[in-house]
Amino acid sequence: MAEPMEGADQRRTERVILIATITSVVVLAFIAGSISYRHLHLLALRHGESPWTAALLPLSVDGMVLCASMALLADSRRGRRGGVLPWTLLVVGSLASVAANVAVAEPSFIGRAVAAWPAFAMIGGLEMAFRLVRQSVARRLSPEERTAVSAPKSGNDAPQADGGLRGRTLQQEAWQWALRNRRPDGTLPRSVDLARQFHRSPRWARLVKSSGLNGTLT
């Protein structure tokens, strides 16, 4: 009984750490967003924007950062690293926020550093939250699933053994079977069991699970 209790305590501790980290990131986001909004609004007014467009402009910048952050968080929950597009939008939006903060800051090194700091803190907090989420997901996956998720995809590796529509349908059926037959700990069934069920090779089963985890078989 000691080992299950220790495992439950460890999962509870990890959950508390994850919640505390996400809460900290939310607080950082609120601080950085408030400062960024004020500076972007002031900058827009100084450069001839009307009051209502100046009020909306900061929302477009911070909204882009928020959307990119949510896309990266969703990827992290699936155990994947974010794609190029959300990272690009996050970096561009963050740089725009930093530039606006610096542009309205006191024209001194310290003044500009103070104004730019919240955006840097926000980026660092987001990356730490994504890392914790990825680690939490990785611990729930079996070794086979971790290998499948991290393995690079190529056209030749796609699980299209039967070819055409029938092969695709069989892959979807296999993925649905895997979802219905999770193991007691919540992980997907072993690749050998999935392969045996559909009379295919374990490699085919691993690639089906990889495609399913990546969302291409839904």
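The questions and answers below go through some terms used for this predicted model and the values behind them.

This is a predicted model, in which local features need pLDDT of at least 70 and side-chain atom pairs count only at pLDDT 80 or more, while totals for chains, interfaces and linings use all residues. Residues are numbered from 1 along each chain as its sequence is written, and side-chain values use heavy atoms, with hydrogens and water left out.

Q: Why is Phe30 called exposed?
A: A residue is exposed over 50% relative accessible area, buried under 20% and partly exposed in between, with a 1.4 Å probe and protein chains only; Phe30 has 63% relative accessibility and therefore counts as exposed. Phe30 lies in helix 1, residues 2–46, where helices are DSSP runs (H or I) of at least four residues, numbered from the N terminus.

Q: What makes up the largest nonpolar core?
A: A nonpolar core is a set of buried Ala, Val, Leu, Ile, Met, Phe, Trp, Tyr and Cys residues joined through side-chain atoms within 4.5 Å. The largest one has 14 residues, and among those touching the most other members are Trp175 and Phe198. Helix 6 (164–180), helix 7 (191–198) and helix 8 (202–213) each supply at least two residues of this core, with the largest share, 5 residues, coming from helix 6.

Q: Where in the chain is confidence lowest, and where is it highest?
A: By pLDDT, the predictor's confidence in each residue from 0 to 100, the lowest mean is 49, in helix 5 (residues 143–150), and the highest is 86, in helix 7. The mean over the chain is 76, and 74% of its residues reach 70 or more.
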